[in-house]
Amino acid sequence: MTEWIEPKDGRPWAARIFSRQGVLTALAALAMLASEAKLHWVERSVGAYLVSTNADRPESGAIWEKGRKAQTARMAVDKLAADREANQRLARNAGTLNEIIASLSPGQGVMLSAEHFRELYQKIPQGIAAEMISPFDLLRFASERQWNRVYLEQSADGLMVYLLAPNNHVLRQFKVASANLALMARKSAMASQSLEDLPSFQNRIYSAERFFAALASLPEEDRRGLIPQPERLLEVSEQISRVGISDEALAGFIDVGVEIRSGSQRRVLLLQGQDWAVWRLRSLLEGKTPAARGAKTSQGTYSAQ
Amino acid sequence: MTVWLRRLRAAFYSGLLLLGLGAAGLLIFFFVSVRDLPRVPEPLSRIIETPPTEIYAATGERIMLIGGREAVPLTGVSPFFIQAVIATEDHRFWGHHGIDHLRILKAFWVNLFRTGRVEGASTITQQLAKNLFFSFQRTYLRKFRELAVALQIEARYNKTEILEAYVNQIAFGVGAHGIEQASQVFFGKPALQLSLAEAALLAGLPKSPTRYNPLRHFERARERQKVVLARMAAVGYISTDEAETAFQARLNLRPPGGLQPAGSYFLDLVLKDLEERYGSEVVHHAGLKVFTTLDPQLQAWAAESVQNGLTRLDQVLRVPAAVGGDAGAHPQGALVAVEAHSGAVRALVGGRDYAETEFNRALQNNRQPGSGFKPFLYYAVLEKGGLSPATVVVDQKVAIPVPGQPAWIPRNFSGEHEGPMILKRALAHSVNSVAAQLVGRIGPKPVIDTARRCGIKSPLAPVPSVALGTSGVSPLEMAAAFASLATGGIQHEPFWIRRVEDSSGRILEERILSSRRTLDAAIAFQVVDMMRAVVDEGTGATVRQLGFQLPAAGKTGTTDEFNDAWFTGFTPTLSVCVWVGFDRGMSMRDAQGRGITGARGAAPIWAEFMRKATEGEPRRDFAVPSDIRFVQVNPVNGQPAMPWNPRSMEVALRGGQLKAFLPSSDGREPSPTGGGN
């Protein structure tokens with residue numbers, strides 16, 4: 001092993017520096033610098049190293065932050081759009097207005113085609129339907145070919161209905177009060193009940209024989225006023241056991257509940273008779289002359305008592 | 001051993017030690033600091049995937065992009081622009097590997113030995129790394145990390161990919177990110193079609209997008225363009241002759257109807273509304289499609305009319321041209337145009353220059369409307385006071401008692417009193433003493449109630465002077481409220497967004513154009529008819545003198561000390577409000593000390609805008625309700641007059657009011673005074 005000896009003066013230092021070994025070392029260093037300038041091997045090496053560690057490094061910095069914000073924002077919008085689409089889908093497939101109303105929270109709305117709304121309108125109990133909008137007005141809008149769509153919007157105190165022209169101009173708007181919505185909801189739930197389950201019918205339940213016998217004794221005009229669509233009853237294949245008359249009247253109509261029995265199952269079919277015709281029948285059934293027309297209650301309905 | 005040799009030896013060993021320690025330290029520093037370097041997205045094009053929120057005009061034109069990037073491949077960019085960017089930012093881009101050694105040495109030399117000069121050495125790749133991941137904080141650590149990421153990008157991607165990512169994310173100012181967006185914003189054309197001159201102008205902007213914004217500082221931008229062209233010539237992309245020719249070429253900046261710059265009062269309103277509904281993150285990052293009510297052509301005319309009007313006002317008021325960007329030193333203006341039958345805002349100008357001040361005077365200004373409020377008073381008087389437009393009132397000095405306060409003594413603008421006149425004439429000539437008597441007769445509440453029914457939402461003080469417009473309102477409110485009169489009493493809420501969709505076209509919301517009748521159609525028409533007289537022969541006759549001849553109604557408004565000048569008027573289809581005044585509420589007077597009234601300051605702007613907005617439209621009259629009859633009366637005593645009498649005035653009367661003009665059965669003369677004083 002070469003012993004390290006420190007030179008005592010400058011000459012040996014210079015000799016060492018400018019020795020072949022020293023010059024070769026300096027040349028090697030220069031060659032490295034020159035090759036770096038030409039080949040960029042330092043940059044390439046550092047770059048290659050960083051590429052190899054890229055997957056392990058954090059997703060930080062402006063562009064990632066922006067990406068995260070974009071993702072969050074897109075998710076929020078997706079939810080909004082999905083909720084809206086779900087409501088629209090439900091509205092498209094809904095068989096009754098109640099199904100749509102039940103799916104909407106306050107402030108939410110759905111768009112329906114005019115045709116679909118007309119279908120739903122026909123299924124609304126006549127009294128409520130007439131209070132919403134006259135069928136003749138709907139016919140007029142339909143014939144003018146201006147009416148294109150309907151927007152339903154749930155509000156805290158009812159349902160806003162907008163009949164729209166193609167440019168979204170409102171042709172007619174009306175509100176269905178919460179009380180009527182509740183009534184509609186209640187009526188749709190009647191299908192699987194018996195007349196005793198329905199408080200408004202409890203006072204006036206008659207056997208089917210007695211009811212139809214009384215009905216048969218009325219003039220044709222009264223019968224038509226009482227049951228405007230008798231074919232709905234003719235379609236029933238099961239046995240009609242009893243008929244009830246509601247205590248409440250709404251917009252000139254009184255509900256007539258027809259209880260249908262099928263084995264041990266019972267259901268109630270609701271018809272809306274015009275109040276004057278129902279009162280006549282009721283008088284016959286009770287052996288009296290028609291009573292007073294009743295007084296308005298706080299709910300906006302009329303008591304027939 | 002000599003002393004110097006010992007010192008040399010000590011220095012050699014110390015240097016060797018320091019070199020070793022430095023190398024070791026550098027290695028440790030490198031490995032430690034790159035551990036938490038940001039991950040580079042793969043592929044690099046992922047940085048430009050965010051869909052922009054797009055805002056559309058009512059005509060279907062896209063007028064603004066927010067966030068996101070309009071990415072184009074390099075083949076979709078003019079070669080001139082690519083050359084210009086490379087020549088200006090990094091002319092050895094194709095040769096280096098993320099670091100330009102020579103440029104670093106030069107920058108080192110300049111920064112060290114040339115006092116007062118700072119030169120950077122960032123390559124395009126380093127700029128890309130900085131823009132993608134780092135803040136603009138100037139620290140050595142940030143610089144090192146930026147350099148490291150640049151080396152990684154160079155190692156992973158080829159030059160074309162790097163350049164493509166770069167040109168698609170650079171900020172050009174006015175909300176334009178990426179060359180395609182910038183090309184559309186500034187020149188209204190795709191990036192591929194940029195000429196040499198246009199490319200050079202755009203390539204100069206990233207250095208300081210605000211300072212070189214050609215829409216605001218055209219000359220500065222031209223100087224920068226010259227530098228870019230010189231660099232292109234120096235690098236050899238073009239000859240000096242080509243550079244000179246390009247510099248002399250005419251630049252057609254932003255044709256009308258192109259993308260709007262981020263800063264505009266209408267878009268500001270839309271954005272604020274969207275942010276309130278959906279949140280800022282969704283608006284800026286979710287890629288919404290927003291369909292607005294704006295008519296770009298009307299908007300351009302509105303901006304032009306306001307600019308012209310304010311320039312004229314500057315001259316009249318002798319406001320110095322250079323006011324050092326002080327928005328309060330110039331008179332300001334606002335214009336709102338509302339579609340009468342829907343409430344859609346078709347044009348909105350909130351001030352002289354959005355870049356100077358973002359304060360939106362069309363909405364946020366709560367300035368006194370002065371006599372511009374009188375139509376609400378006259379409606380209330382016709383409805384509640386049992387008067388007719390032919391009722392005779394007396395223009396005289398009055399003192400209206402105010403409970404608990406000194407009596408209110410309103411003065412006429414002219415300072416004179418004309419004596420008896422019919423209501424229609426009083427409104428046409430904006431007689432304050434009559435208005436004061438009328439509000440004294442019915443009280444302020446019916447006036448406020450009428451204003452509310454027309455859609456005014458600002459707080460209104462229940463004092464008699466409210467009838468003369470002493471409570472502040474905004475031009476948007478006034479335009480929308482007068483639209484209720486234009487439609488014969490049907491009120492529409494003003495709105496500016498028709499529909500919002502997500503990036504894939506699913507509807508998030510759409511506007512239902514509902515309306516409600518809030519005013520009686522016949523009375524509303526009577527007020528409109530009285531307001532027609534304002535335009536045809538009253539205080540707003542300037543409108544006719546300036547050439548607007550279609551059926552229109554309106555009302556001037558001027559506040560005390562001439563602080564505010566208003567004109568709100570409408571045709572059967574469009575309701576437009578114009579306000580001018582100083583932000584600081586200073587008086588507007590010309591060199592002779594004469595004040596600027598609504599007729600002088602605002603009506604000319606209204607007339608210029610309406611002339612353009614209705615050019616070529618057929619003449620449409622206001623719909624006359626069935627129970628309205630027109631009668632010629634003497635404007636002084638309200639007595640029936642023959643139509644050919646030059647002093648007669650036509651008034652619109654409702655059925656019941658006609659009786660006063662028919663001979664009575666007892667043979668007495670008809671008396672149309674209706675109890676007026």
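**Chat about chain B: sheets, loops and a helix**

Trainee: In what order do the five strands of the open sheet with mixed pairing come in chain B?
Mentor: The order is 2-1-5-13-14, and those five strands of chain B form an open sheet with mixed pairing. Keep in mind that this is a predicted model.

Trainee: Which strands stand at the edges there?
Mentor: Strand 2 (62–66) and strand 14 (507–510) of chain B do. Each has a single partner strand, so one side of each is left without a neighbour in the sheet. From one strand to the next, the twist averages 15 degrees.

Trainee: OK, and how many bridges join strand 1 to strand 2 of chain B?
Mentor: Four, with strand 1 (residues 53–56) and strand 2 of chain B running antiparallel. If you want a pair to click on, B:Ile55 has B:Met64 in strand 2 of chain B as its bridge partner.

Trainee: How many bridges join strand 5 to strand 13 of chain B?
Mentor: Four bridges again, and strand 5 and strand 13 of chain B run antiparallel. Look at B:Lys289, which stands opposite B:Glu501 in strand 13 of chain B.

Trainee: What is the bridge partner of B:Glu501 in strand 14 of chain B?
Mentor: B:Ile507 is its bridge partner in strand 14 of chain B. Strand 13 and strand 14 of chain B pair over three bridges, in the antiparallel sense. The hairpin of these two strands in chain B has five residues between them, and B:Gly505 takes a positive phi near 90 degrees in it.

Trainee: Which strands does helix 11 of chain B lie across?
Mentor: Helix 11 (residues 265–278) of chain B lies across strand 1, strand 2, strand 5 (289–292), strand 13 (497–501) and strand 14 of chain B. Its angle to strand 13 of chain B is about 55 degrees.

Trainee: Switching topic: which five strands form the antiparallel open sheet in chain B?
Mentor: Those are 7-6-18-17-16, in that order, in chain B. Strand 7 (345–349) and strand 16 (553–558) of chain B stand at the edges with a single partner strand each, so each has one side without a neighbour in the sheet. Here the twist averages 5 degrees from one strand to the next.

Trainee: Over how many bridges do strand 17 and strand 18 of chain B pair?
Mentor: Seven, in the antiparallel sense, with strand 17 at residues 564–570 and strand 18 at residues 574–582 of chain B. Among the pairs, B:Thr568 has B:Cys577 in strand 18 of chain B as its bridge partner.

Trainee: Now the helices. Why is helix 17 of chain B said to be largely enclosed by the rest of the structure?
Mentor: Because seven of the ten residues of helix 17 (residues 444–453) of chain B are buried. These are B:Pro444, B:Pro446, B:Val447, B:Ile448, B:Thr450, B:Ala451 and B:Arg453.

Trainee: What covers the buried residues of helix 17 of chain B?
Mentor: The cover includes helix 14 (374–384), helix 16 (432–442) and strand 12 (490–491) of chain B. B:Gly455 follows helix 17 of chain B and has a positive phi, near 110 degrees.

Trainee: I've also got B:Gly178 flagged. Where does it lie?
Mentor: B:Gly178 lies in the loop between strand 4 (176–177) and helix 7 (179–187) of chain B. It counts as buried, at 0% relative accessibility. Beyond its neighbours within four places in sequence, B:Gly178 is in contact with B:Val167, B:Asn168, B:Gln169, B:Ile170 and B:Phe172.

Trainee: And B:Asp100, buried or exposed?
Mentor: Buried, because its relative accessible area is 3% and the cut-off for buried is under 20%. B:Asp100 lies in the loop between helix 2 (79–89) and helix 3 (101–113) of chain B. Leaving out neighbours within four places in sequence, its contacts are B:Asp90, B:Arg92 and B:Thr123.

Trainee: Zooming out, how many helices and strands are there in chain B?
Mentor: Chain B has 21 helices and 20 strands. Its radius of gyration is 34 Å, well over the 26 Å that the globule rule gives for 677 residues, so chain B is more spread out than a compact globule. The C-alpha trace of chain B spans about 140 × 55 × 50 Å along its principal axes. Of the 677 residues of chain B, 57% count as buried.

Trainee: Last one: where in chain A does pLDDT stay under 50?
Mentor: Over residues 290–305 of chain A, for which the model has 29 contacts beyond four places in sequence. Chain A averages a pLDDT of 82, with 88% of the residues scoring at least 70.

Notes
Residues are numbered from 1 along each chain as its sequence is written. Chains are lettered from A and ligands numbered from 1 in the order in which they are written. This is a predicted model: local features need pLDDT of at least 70, side-chain atom pairs count only at pLDDT 80 or more; totals for chains, interfaces and linings use all residues. Side-chain values use heavy atoms; hydrogens and water are left out. pLDDT is the predictor's confidence in each residue, from 0 to 100. Contact means heavy atoms within 4.5 Å. Buried means under 20% relative accessible area, exposed over 50%, partly exposed in between (1.4 Å probe, protein chains only). Two strands pair if DSSP finds at least two bridges between them. Axes are lines fitted to C-alpha atoms, for helices over the stretch in contact, and angles run from 0 to 180 degrees between N-to-C directions. The radius of gyration is taken over C-alpha atoms; the globule rule is 2.2 Å times the number of residues to the power 0.38.
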